[in-house]
Amino acid sequence: KYKDPDALEFVWRKIKEAGIIQREVSLCTCVYILSTASLNETNEKSRLLCYNQLLKEVGGVLYTCFKPDEGIISVRVKVMASLGDVQGAEQLIGAFLEENSSASRLRTLSPLLHLYGDIGDIYSMVKIYRKMKTLPGVKFDTETYAKFLASIAQNGYFDDESKPLQCPSELGLSSTHGAELFDELVYEVADDILEFDDHSVRILMKGFESYIEKEKLPIDDGIVAVDNSPASEDELVVSRVAVDPETGVCPRTGATLRLLVLTDEQKNHVQDTLISMADTEFMLYRTKHGTK
């Protein structure tokens, strides 16, 4: 009721002493409380380690006695990622995917994706990204795409003079680094989303900024403010621009951007499709839960 991890630690010790068999819902609640406590950075480091150790113990009982649940798995992976436990997160996700690949969701795998990016293991990050793209239950959002690209930018792989990405063919890539790698990945992203929102744009820009500052590369004020001045031939452009809505030409690079313009007939088709999908989902919900 009070979600007190310290009290839970005492209770769990007494449960083990008494040999009481817990129900699945009780164990899930324990895992949730301990996971929340493990992610609370205001707790002392010694307590965080204690909560995580207890989480492993309770989680072990839960997954031994009951079928793993995607929601609980995602929470545990998030905790492991926050503690930098790459091996533990890999093993947990690997075991879960063997039995429940179709039940996997973005929230289950994205913590490990971001953890690879944080430690600079771009090969493993792209590898799990490819795996996630094949899973029917994983639907990427703009923030995840932005963090993915920002991690690659931060580690310098979008620089034409940077080190190449090893074994690109194993990752389904034809490019190893530089602008070609950026173009290849962005084209894939463009097939899935229409645009980045402001929050995602800032994440992406920070990735480029971090690498530029680390390498002491020249940087212009346009990286934050809207800048429409033409870029020099060798300049890395990550500026925000005002694009001409008629031509779709970027004033900084001269590149023609892909515009999405629907005819009236196409607009009506989209509207009718959305209404039909909403009706279908409502009927499925009503069939499952009944009328209240």
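**Close-up views of a helical chain**

Salt bridges in this predicted model number four, counting a side-chain nitrogen of Lys or Arg within 4 Å of a carboxyl oxygen of Asp or Glu.

**View 1. The whole chain, for orientation.** The protein chain has 11 helices and zero strands. Along the sequence, the pattern reads α-α-α-α-α-α-α-α-α-α-α. The chain holds 292 residues, and 36% of them are buried. Its accessible surface is about 18300 Å². Carbon and sulfur atoms account for 53% of that surface. Take the contacts between residues at least 6 apart in sequence: 55% of these join residues at least 24 apart.

**View 2. Lys16 and Glu57 in a salt bridge.** Their side chains meet at 2.6 Å, N to O. Lys16 belongs to helix α1 (residues 5–18) and Glu57 to helix α3, so this pair ties together parts that lie 41 residues apart in sequence. Lys16 is partly exposed, at 46% relative accessibility. Glu57 is also partly exposed, with a relative accessible area of 32%.

**View 3. Helix α3 from end to end.** Helix α3 covers residues 45–65, which is 21 residues. At 1.5 Å a residue, the helix should span 30 Å. The C-alpha atoms at its ends are 30 Å apart, in agreement with that value. Its buried residues are Leu48, Tyr51, Asn52, Leu54, Leu55, Val58, Gly59, Leu62 and Tyr63.

**View 4. Inside the largest nonpolar core.** In soluble globular proteins, nonpolar side chains tend to be buried together. Here the largest nonpolar core has 57 residues. Val58, Val126, Met132, Phe148, Ile152, Phe158 and Leu185 touch the most other members. Val58 is also one of the buried residues of α3. Beyond its neighbours within four places in sequence, Met132 contacts Leu106, Leu109, Ser110, Leu113, Val138 and Phe140.

**View 5. Thr144, a buried residue of helix α8.** Thr144 has 5% relative accessibility and therefore counts as buried, which means under 20%. Neighbours within four places in sequence are set aside here. Thr144 then contacts Leu106, Leu113 and His114. Leu106 and Leu113 are also among the contacts of Met132.

**View 6. Lys147 and Glu143 in a salt bridge.** These side chains meet at 3.2 Å, N to O. Both residues lie in helix α8. They are four residues apart, about one turn of the helix. Lys147 is partly exposed, at 31% relative accessibility. Glu143 is partly exposed too, with a relative accessible area of 30%.

**View 7. Arg130 and Glu188 in a salt bridge.** The side chains meet at 2.8 Å, N to O. Arg130 is in helix α7 (residues 122–134) and Glu188 is in helix α9, so the pair ties together parts 58 residues apart in sequence.

**View 8. Cys167 in a loop.** The loop runs between α8 (142–154) and α9 (178–190). Cys167 is not a glycine, yet its phi is positive, at about 50 degrees. Its relative accessibility is 37%, so Cys167 counts as partly exposed.

**View 9. A nonpolar patch on the surface.** Leu262, Val270, Leu274 and Met277 form this patch. Together they have about 350 Å² of accessible area. Val270 sits in helix α11 (residues 264–289). Val270 is partly exposed, with a relative accessible area of 37%.

Note on methods: Residues numbered from 1 in each chain as written. Predicted model: local features only at pLDDT ≥ 70, side-chain atom pairs only at ≥ 80, totals over all residues. Heavy atoms only, no water. Helix = DSSP H or I, 4+ residues; strand = E, 2+ residues; numbered from the N terminus. Buried < 20%, exposed > 50% of the residue type's maximum accessible area, 1.4 Å probe, protein only. Expected span 1.5 Å × (residues − 1). Contact = heavy atoms within 4.5 Å. Areas by Shrake-Rupley, 256 points an atom, 1.4 Å probe, with all protein chains shown as cover. Patch = residues over 30% accessible without salt bridge, like charges linked within 9 Å, V, L, I, M, F, W, Y side chains within 5 Å. Core = buried A, V, L, I, M, F, W, Y, C linked by side-chain atoms within 4.5 Å.
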